[in-house]
Amino acid sequence: MGRLAEMQRKLLEQMMGPEAMGVTNQNLVWSDDKVCRNFLCGTCPHALFTNTKMDLGPCPKSHTERLKNEFIAAREAEPTNPIFGRFQAEYESNLFAFVDECDRRIRAAHRRLEKTPEENAKTTNLMREIAEIELAIQGGTEKIEQLGEQGKVDESMKELAAIEALKGEKSEKERELQQLTETSGASGHQKLRVCDVCGAYLSVLDSDRRLADHFGGKMHLGYHELRNMLSQFRAEREARKNAPAPLPSGVASTNLAPPSATSAPRANDRDRDRDRGDYRSTRDREPGRDRGYDRDRYGSSRYE
């Protein structure tokens with residue numbers, strides 16, 4: 001019986017990986033190929049979608065917190081080491097490929113429903129807003145009960161007024177969604193919508209609770225997290241691209257300093273010499289300014 005259990009354990013370890021069975025290799029280092037680089041740099045998609053329709057199963061590589069802490073410490077100690085750039089580039093590429101596959105499914109689902117992307121986006125936004133309002137109403141109702149138990153009548157009345165306003169807004173959103181549904185046709189496919197975040201099908205006939213469960217579900221939140229990460233990576237690349245280039249190592253900061261005070265008098269002397277030369281040339285060009293004119297003017301008066 002013990003031998004059979006050992007065989008089953010080894011089989012499960014081969015299928016699920018040693019990490020899933022609680023077996024860790026103490027000789028591993030963070031740079032080993034057996035260590036999940038997605039896990040080291042951030043989040044592994046295998047861990048985001050467990051027990052969902054997009055469950056990828058356990059990651060075949062190691063997810064050890066000790067190795068992740070060692071990786072972070074090494075990256076902080078040597079941020080310019082090219083190995084960390086390679087790890088980060090591989091991580092971003094893996095996340096992009098995963099989200100790109102989701103976008104491909106979303107586009108295919110839109111084509112199957114024969115709806116324009118604008119109509120699908122508007123419908124999905126309305127459904128999300130209705131679900132958020134419903135959650136706010138539920139939270140406000142619980143708060144009113146707590147205030148009533150505490151005897152805070154005025155505050156509970158204010159909260160009740162806010163809930164009534166939310167209910168009116170919810171009714172308006174539902175009417176808008178109903179009008180959009182009626183203008184899109186009466187076929188069964190046209191009553192379905194595609195979530196632009198995770199690609200799941202949603203029905204306009206679903207209850208508010210069902211929609212709230214979807215937008216708070218693990219698959220939807222997982223894809224939402226991945227898309228936020230890619231947006232952050234894109235913003236960081238743009239910031240690095242627009243950052244000023246560093247100075248060459250051989251250029252000293254004093255070479256870029258403004259002219260010193262000792263050079264100012266020299267420049268002023270040059271300016272005065274240039275102005276004096278311009279004045280002389282101007283006098284030479286004036287009419288009547290010749291040697292005969294000067295001699296007649298001054299020489300005759302001196303010797304007469």
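Biologist: Which element gives the most to the lining of the second largest pocket?

Modeller: In this predicted model, that is H7, with 4 residues.

Biologist: How much space does the second largest pocket hold, and which residues are closest to its centre?

Modeller: The volume of the second largest pocket is about 200 Å³. There are 11 lining residues, and Glu174, Leu177, Gln178, Val204 and Leu205 are the closest to the centre. Two elements, helix H7 (153–183) and H8, each give two or more residues to this lining.

Biologist: What is the volume of the largest pocket, and what lines the space?

Modeller: About 260 Å³ of space lies in the largest pocket. Its lining has 13 residues, with Lys53, Ala200, Leu202, His214 and Met219 closest to the centre. S2, helix H8 (208–215) and helix H9 (218–242) are the elements that give two or more residues each. By class, the lining has 5 nonpolar, 4 polar and 4 charged residues.

Biologist: How do you know where empty space is left?

Modeller: A probe the size of a water molecule is rolled over the atoms, and this shows the empty space.

Biologist: Why is serine 203 called buried?

Modeller: Its relative accessible area is 15%. Serine 203 belongs to strand S2 (residues 201–203). Beyond its neighbours within four places in sequence, serine 203 is in contact with Met127, Lys191, Leu192 and Leu211.

Biologist: Why is asparagine 51 called exposed?

Modeller: The relative accessible area of asparagine 51 is 74%. Exposed means over 50%, so asparagine 51 qualifies. Asparagine 51 lies in the loop between helix H3 (45–48) and H4. Its phi is near 60°, a positive value in a residue other than glycine.

Biologist: What makes a set of residues a nonpolar core, and which residues have the most contacts inside the largest one?

Modeller: The members must be buried residues of listed nonpolar types, joined through side-chain atoms within 4.5 Å. The largest such core has 47 residues, and Trp30, Phe49, Tyr223 and Leu226 have the most contacts inside it. Among the elements giving two or more residues to this core are helix H2 (37–41), helix H4 (65–77), helix H5 (82–113) and helix H6 (117–150). H5 gives the most, with 11 residues.

Biologist: Which residues does tryptophan 30 touch?

Modeller: Not counting residues up to four places away in sequence, tryptophan 30 touches Val35, Leu40, Leu67, Glu70, Phe71, Ala74, Ile83, Phe84 and Phe87.

Biologist: How many helices and strands are there in the protein chain, and what pattern do they follow?

Modeller: The protein chain has 11 helices and 2 strands. Along the sequence they run α-α-α-α-α-α-α-β-β-α-α-α-α.

Biologist: What share of the protein chain is buried, and how much accessible surface is there?

Modeller: Of the 304 residues in the protein chain, 28% are buried. The accessible surface comes to about 21,000 Å², with 52% belonging to carbon and sulfur atoms. Among contacts between residues at least 6 apart in sequence, 70% join residues at least 24 apart.

Terms used
Residues numbered from 1 in each chain as written. Predicted model: local features only at pLDDT ≥ 70, side-chain atom pairs only at ≥ 80, totals over all residues. Heavy atoms only, no water. Buried < 20%, exposed > 50% of the residue type's maximum accessible area, 1.4 Å probe, protein only. Contact = heavy atoms within 4.5 Å. Areas by Shrake-Rupley, 256 points an atom, 1.4 Å probe, with all protein chains shown as cover. 1 Å grid on protein atoms, 1.4 Å probe; cavity = no way out; pocket = protein on both sides within 12 Å on 5 of 7 lines; lining within 4 Å. Points joined across faces, edges and corners; volume = space filled by probe spheres on them. Nonpolar A, V, L, I, M, F, W, Y, C, P; charged D, E, K, R; others polar.
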